[in-house]
Amino acid sequence: MNYASVIASPVGTITILADDEFVHVITFAEKDITGLSENALTVKVGNQLNDYFKGDLKDFDFPLKQKGTEFQQKVWKNLLTIPFGETTSYAKFSAHNPLAIRAIATANGKNNIAIVVPCHRVIGSNGKLVGYAGGLWRKQWLLQHEREVSQKGQAELKF
């Protein structure tokens with residue numbers, strides 16, 4: 001059985017898709033959820049995301065599973081090791097396998113579990129924001145939010 005929850009957030013509407021055991025998608029993209037209802041898992045995820053946006057939560061604790069190749073799974077698992085409030089560059093993120101930097105960037109871009117699998121924490125080697133399926137303005141907002149909450153950066157106005 002599939003379930004869905006939709007929450008409003010400072011960065012737009014977020015749709016959460018899950019089955020009885022795992023969250024499979026957290027996205028800013030519009031999804032047709034006709035006929036789907038919430039379950040305890042999608043409600044839990046929605047509550048945790050709301051706590052994240054309030055600055056009360058840094059680590060998520062629910063089961064997730066997204067479809068992907070073994071390589072993509074490894075990249076997504078590595079994304080989970082980037083600490084809250086910090087960033088890394090694609091070059092540093094792929095240092096263990098520098099020839100795979102493009103494949104790593106592609107896998108990063110195919111992440112379907114926004115915010116929780118923190119692909120937004122990977123930036124360009126020059127410090128510039130690059131590539132985010134949710135839009136660079138969301139990436140900037142998320143990074144600034146995490147810096148403020150972790151007190152690792154200067155506050156900026158959020159709109």
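Lys 44 is partly exposed, with a relative accessible area of 34%, where buried stands for under 20% relative accessible area, exposed for over 50% and partly exposed for what lies in between, computed with a 1.4 Å probe on protein chains only. The model is a predicted one, in which local features need pLDDT of at least 70 and side-chain atom pairs count only at pLDDT 80 or more, while totals for chains, interfaces and linings use all residues. Residues are numbered from 1 along each chain as its sequence is written, and side-chain values use heavy atoms, with hydrogens and water left out.

Lys 44 forms a salt bridge with Asp 61, their closest N and O atoms being 3.9 Å apart; the term stands for a side-chain nitrogen of Lys or Arg within 4 Å of a carboxyl oxygen of Asp or Glu. Asp 61 counts as exposed at 51% relative accessibility. The two residues are 17 apart and link distant parts of the chain, with Lys 44 in helix H1 and Asp 61 in the loop between H1 and H2. Helices (H or I, at least four residues) and strands (E, at least two) are DSSP runs, numbered from the N terminus.

How many salt bridges does a search of the whole structure find? The search finds 3. One of them joins Lys 54 and Asp 51, with the closest N and O atoms 3.4 Å apart, and because these residues stand 3 apart in helix H1, about one helical turn separates them. Lys 54 is exposed, with a relative accessible area of 58%, whereas Asp 51 is partly exposed at 26%. Another salt bridge joins Glu 146 and Arg 121, with the closest N and O atoms 2.8 Å apart. Glu 146 lies in helix H5 and Arg 121 in the loop between H4 and E5, so this pair ties together parts that are 25 residues apart in sequence. Both Glu 146 and Arg 121 are buried.

The protein chain is divided into domain 1 (3-54) and domain 2 (70-150), with bounds that come from an automatic or database domain assignment. Taken over C-alpha atoms, the centres of the two domains are separated by 21 Å, and the contact between them (heavy atoms within 4.5 Å) takes 12 residues from domain 1 and 15 residues from domain 2. The size of an interface is often given as the accessible area lost when the parts come together. Between domain 1 and domain 2 the buried area, which is the accessible area (1.4 Å probe) that the two parts lose on being put together, summed over both, is about 1,200 Å², and carbon and sulfur atoms give 72% of it. The count of salt bridges between the two domains is 0, but 5 residue pairs are in polar contact across the interface, both residues being at pLDDT 80 or more. A polar contact is a pair of N or O atoms within 3.5 Å; within protein, one must be able to donate a hydrogen and the other to accept it, and residues adjacent in sequence count only if both atoms are side-chain atoms. On the side of domain 1 that touches domain 2, E3 and H1 are the elements that give two or more residues, and the largest share, 4 residues, comes from E3.

The largest nonpolar core has 36 residues, and those with the most contacts inside it are Ile 14, Ile 26, Leu 49, Phe 53 and Ile 115. Such a core is a set of buried Ala, Val, Leu, Ile, Met, Phe, Trp, Tyr and Cys residues joined through side-chain atoms within 4.5 Å. The elements that give two or more residues to this core include strand E2 (14-18), strand E3 (23-27) and helix H1 (40-54), and H1 gives the largest share, 5 residues. Where does this core lie? Domain 1 and domain 2 both give residues to the core, so it lies between them.

Leaving aside neighbours within four places in sequence, Ile 26 is in contact with residues including Ile 14, Val 45, Leu 49 and Phe 62. Ile 115 lies in the loop between H4 and strand E5 (122-123) and counts as buried at 1% relative accessibility. Phi of Ile 115 is near 70°, a positive value in a residue other than glycine.
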